Amino acid sequence: MGFPDLQPILQSLLDSGRYSDLAISCEGQKFQVHRAIVCSQSPFFDAAVKGGFREASLSHVDLPDDELATIQRVVSFLYHQDYEDTDGSYFQNRKCASGNGMEPHAAMWNNLGVFMAADKFDISRLKILARSQIMNWISENARGFPLIVQQIWITIPPLESEIRDAIIKSISCDAQEFLAYDESMVIMTDIPDITIAVLKKIAEENSSLKRKLQRQRKTASMW
């Protein structure tokens, strides 16, 4: 049996701060949260409020190196298992390869911020969700926005293979479009790992196509 009224209850607890036993602060804003909800999903926060750490005695974790909008999304996920990714105000002044503002892709940047926060705070379910959102953007847009691809590549952890593989797949599927941008050539030079991976992927696809053609010819000759 489900609990249809649970989400409103959790939202009420978050909004009101009732029964809060932990505070998370960022950029001057404080979130009155609950250890049972936050620490059970994040080993980072769990460790912060244990033992002899200052955070434990104060029941307060300050995050001076994080962005408020990202922490808001993290807290939202901890209470609702979801977050809003459409606020793009932070990226109003950023530019893409075409010279246009990045507002149309603000959700991707927001998801990237959440992904990095989920990695930092070790919130596995949030990391999975943010990764999925980033990979969806990559599959639809990566070939036409090389500078955004570059930022994703250099931002994510080195061992984050799923996102890197998605980038390589997207570029190799339409390398001609990707290379039409001057910025693409700079990226391919500055980040040789991308160049090597794309060449390997294209070589694998060509080999697969050759084998397929050989099988077709062999089948045709039998008739």
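**Confidence.** I began with pLDDT, the predictor's confidence in each residue, from 0 to 100. The mean for the protein is 86, and 87% of its residues reach 70 or more. This is a predicted model, so I kept to its limits: local features need pLDDT of at least 70, side-chain atom pairs count only at pLDDT 80 or more, and totals for chains, interfaces and linings use all residues. Residues are numbered from 1 along each chain as its sequence is written, and side-chain values use heavy atoms, with hydrogens and water left out.

Over residues 88-102, pLDDT stays under 50. The model has 27 contacts (heavy atoms within 4.5 Å) for residues 88-102 beyond four places in sequence. Where pLDDT is low, the predicted coordinates should not be read in detail.

**Overall make-up.** I found 12 helices and three strands. These are DSSP runs, helices being H or I of at least four residues and strands E of at least two, numbered from the N terminus. Of the 223 residues, 39% count as buried. Buried means under 20% relative accessible area, exposed over 50%, partly exposed in between (1.4 Å probe, protein chains only). Among contacts between residues at least 6 apart in sequence, 60% join residues at least 24 apart.

Points are joined across faces, edges and corners, and a volume is the space filled by probe spheres set on them. One cavity of 30 Å³ or more turned up. The largest cavity holds about 30 Å³. Which residues line the largest cavity? They are Ile24, Phe45, Leu63, Ile71, Val74, Val75, Leu78 and Phe121; a lining residue has an atom within 4 Å of a point. Helix H5 (residues 68-80) gives the most, with four residues. The lining has eight nonpolar residues, no polar and no charged. Ala, Val, Leu, Ile, Met, Phe, Trp, Tyr, Cys and Pro count as nonpolar, Asp, Glu, Lys and Arg as charged, and the others, Gly among them, as polar.

**Rings.** I counted four aromatic pairs. Phe44 and Phe45 form an edge-to-face pair, 5.1 Å centre to centre with 85° between the planes. Rings of Phe, Tyr and Trp (its six-membered ring) pair if their centres lie within 6.5 Å; planes under 30 degrees apart count as stacked, over 60 as edge-to-face and the rest as tilted. Phe44 is partly exposed at 29% relative accessibility, whereas Phe45 is buried at 2%. Ring pairs link Phe44, Phe45 and Phe121 into a cluster.

Technical notes:
On a 1 Å grid over the protein atoms alone, a cavity is a set of points where a 1.4 Å probe fits but cannot get out, and a pocket is an open set with protein on both sides within 12 Å along at least five of seven lines; lining residues have an atom within 4 Å of a point.
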